[in-house]
Amino acid sequence: MKIIIVGLGKVGYAIAQQMVGEEHDLILVDESAAVIEHADATLDAMCVEGNGACASVLLRAGVRDADLVIAATADDEVNLVCSLMAKKLGAKHTVARVRNPEYFRDAPILRREIGLDMIINPEYAAAQEIARILRVPAAFSVESFARGTVELIGFQITEQDGMAGKSLIEYNKLHPNALLLCAAKRGGEVLVPNGHFVPQAGDRVYAIGTPTETARVLRSMGRDTSPIRQLSVIGGGRIALYLAWALDGMGMHITIVEQNEEKCMAIAEKLPKATILHGDGTDHDLLESEGIFDADAFVSLTGRDEENLLMALTAKDSGVAKVLPKMSRPNYTALVHDLGIDTVISPKDVTASQISSYVRGLANSQGSAVESLHKICLL
């Protein structure tokens, strides 16, 4: 596929990194000469300097025979104009990054009138990811398929798990189930389990099944599958707002701590059921006095990775069962796992993964059934 990515910020660059090596004809567009120079030196792709909303720049990038144009600049309006222009100039499919809640709310209209095939909102995508994980607290990742009838969960094996130290054949004889263990990561090695595979403490395994079956198997392993009733959130930005909306109706009480007073007032108007506290999320005395660490789950969503990590570690040390920090820097991920935090939320990575899945779906739809199956097996 011929894919043009406009905008090489955090999200655009992360998408490009995932696309490189998948046999696509990749063209990267950005206004910054320094950004283009860096991309040219680090990614195997053609680079074009210029404003992606300009027809001349898109034509220079080869938009007329492009299979897909992804507009991922930091400006919603530029992304929308770029997508409209690309569609008019012959691009088969367009994807736009749109963060403004007002634009995002008009997604059906934008799809119909501009011809957008997909609209991605990093904050909304991150909130949905957090909500899925909070519904299955024993997992560090949860992906839903077929409108929620099937889910792929990732969880880490512990010494207390009934599955640890037993082959899958042996465990299935003791606990018959319809869950498929499809992958395991042991250290730096990725394994494809068969019946003789023996899960060990520390393995990060991935299993697929119905939500009812995954919950039943986790219970049989000795995991606590009780629903989360109290959630504490540090940082009252867009992700916190989308998360509260996503969790509405689950019987979960949410407490949000936000330092900016105006933002507190705005959130309080939009979330009448939540408790909104005005204060510094790193003030340990405030958090203790308000019972923030008495919650079943803790999510840190400030704009600073260091604060998010520090508060997540503090929450974990205080006995909070489920802790999720938002992290933007990929080099922190290994450190976080070493410190005992199994789940990290990265909006740019979630966005890149969703777009990559969309691209793979387009590529598979253009190939044969055998080729599609082959590509799926490589994921």
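These are my notebook entries on a few spots I looked up in this structure, which is a predicted model.

Five of them make an open sheet in the order 7-8-11-9-10, and the pairing is antiparallel. I noted strand 7 (141-145) and strand 10 (189-191) as the edges, since each pairs on one side only. On average, neighbouring strands here are turned by 15° against each other, ignoring direction. As a reminder to myself, strands of a sheet pair through backbone hydrogen bonds, either parallel or antiparallel.

Next I looked at one pairing inside the sheet. Strand 9 (residues 180-186) runs antiparallel to strand 11 (residues 204-209), with five bridges between them. Which residue does Ala184 face in strand 11? I found Val205 opposite Ala184.

Then I checked what lies across the sheet strands. Helix 9 (residues 211-220) lies across strand 8 (150-156) and strand 11, and its angle to strand 8 is about 25°.

I also looked up Arg204. Its charged end sits over the ring of Phe140, at 3.9 Å from the ring centre.

The one I opened was Tyr124 with Tyr242, an edge-to-face pair with 5.5 Å centre to centre and 90° between the planes. Tyr124 belongs to helix 7 (residues 122-135) and Tyr242 to helix 10 (residues 238-247), so this pair ties together parts that are 118 residues apart in sequence.

Is Tyr242 buried or exposed? I put Tyr242 down as buried, because its relative accessibility is 6% and the cut-off for buried is under 20%. Tyr124 has 33% relative accessibility, so I have Tyr124 as partly exposed.

Tyr242 has another ring partner, Trp245. Their ring centres are 6.0 Å apart and the planes stand at 70°, so I logged this pair as edge-to-face too. The planes have to be over 60 degrees apart for that label. Tyr242 and Trp245 are three residues apart in helix 10, so about one helical turn separates them. Trp245 comes out as partly exposed because its relative accessibility is 42%.

Putting the rings together, I see a cluster in which ring pairs link Phe104, Tyr124, Tyr242 and Trp245.

I finished on helix 15 (residues 347-366), which holds Ala363. With a relative accessible area of 11%, Ala363 is buried. I checked Ala363 against Met118: they are 245 residues apart in sequence, and the C-alpha to C-alpha distance is 15 Å.

Ser356 is in helix 15 as well. Why do I list Ser356 as buried? Because its relative accessibility is 0%.

I then asked what Ser356 touches. Leaving aside neighbours within four places in sequence, I found Ser356 in contact with Gln18 and Met19. With Gln18 there is a side-chain to side-chain polar contact of 2.7 Å.

Methods
Residues numbered from 1 in each chain as written. Predicted model: local features only at pLDDT ≥ 70, side-chain atom pairs only at ≥ 80, totals over all residues. Heavy atoms only, no water. Pairing = 2+ DSSP bridges. Helix = DSSP H or I, 4+ residues; strand = E, 2+ residues; numbered from the N terminus. Axes fitted to C-alpha atoms, helices over the stretch in contact; angles between N-to-C directions. Contact = heavy atoms within 4.5 Å. Buried < 20%, exposed > 50% of the residue type's maximum accessible area, 1.4 Å probe, protein only. Phe/Tyr/Trp six-rings, centres within 6.5 Å; stacked < 30°, edge-to-face > 60°. Lys NZ or Arg CZ within 6 Å of the ring centre and 35° of its normal. Polar contact = N/O pair within 3.5 Å; in protein donor to acceptor, adjacent residues only side chain to side chain.
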